[in-house]
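Before you read my comments, please take a moment with the sequence and the model shown here.

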Amino acid sequence: MRTAVNKIRRLREGDCPASAYTADFRLLACDIPWDEEALIYQFCQGLRNDVKDLLLTFHDDPKSPTEAISRVVRCDNRLFERCSERQ
């Protein structure tokens, strides 16, 4: 478990799509007995700043890790669309 905790704390979205970050996060989270609030917090900590900024447009906090993931993927997709429109 300690290895999974260390890995999840170092996990970052970086340049990869949110879906890839999410897959890695879920694999690690399966081995960690944290509550939903702690998982949501850690998930959001690893996001790129532009995704975090777009998450602020939601008026409430996610109620579950699944809801947080869904929001992040939507935000990441929107940012990708914006990038594509500029090219």
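1. Helices (H or I, at least four residues) and strands (E, at least two) are taken as DSSP runs and numbered from the N terminus. Residues are numbered from 1 along each chain as its sequence is written. Please keep in mind that this is a predicted model, in which local features need pLDDT of at least 70 and side-chain atom pairs count only at pLDDT 80 or more, while totals for chains, interfaces and linings use all residues, and that side-chain values use heavy atoms, with hydrogens and water left out.

2. A pocket is an open set of points, on a 1 Å grid over the protein atoms alone, where a 1.4 Å probe fits and protein lies on both sides within 12 Å along at least five of seven lines, and its lining residues have an atom within 4 Å of a point. The largest pocket holds about 340 Å³ of space, the volume being that filled by probe spheres set on the points, which are joined across faces, edges and corners. Helix H3 (36-45), helix H4 (49-55) and helix H5 (65-86) each give at least two residues to its lining, and H3 gives the most, with 5 residues.

3. Of the 15 residues lining the largest pocket, Ile40, Cys44, Leu55, Asp61 and Pro62 lie nearest its centre. The lining comprises 8 nonpolar, 1 polar and 6 charged residues, where Ala, Val, Leu, Ile, Met, Phe, Trp, Tyr, Cys and Pro count as nonpolar, Asp, Glu, Lys and Arg as charged, and the others, Gly among them, as polar.

4. The second largest pocket contains about 180 Å³ of space. Among its 15 lining residues, Arg48, Asp76, Asn77, Leu79 and Phe80 are the closest to its centre, and H5 supplies the largest share of the lining, 8 residues.

5. Glu13, in the loop between helix H1 (2-10) and H2, counts as buried because its relative accessibility is 1%, buried meaning under 20% relative accessible area, exposed over 50% and partly exposed in between (1.4 Å probe, protein chains only). Its side chain makes a polar contact with the side chain of Arg48 at 3.0 Å; such a contact is a pair of N or O atoms within 3.5 Å, and within protein one must be able to donate a hydrogen and the other to accept it, residues adjacent in sequence counting only if both atoms are side-chain atoms.

6. Gln42, found in helix H3, also counts as buried, because its relative accessibility is 9%. The side chain of Gln42 reaches the backbone oxygen of Ile8 at 3.4 Å.
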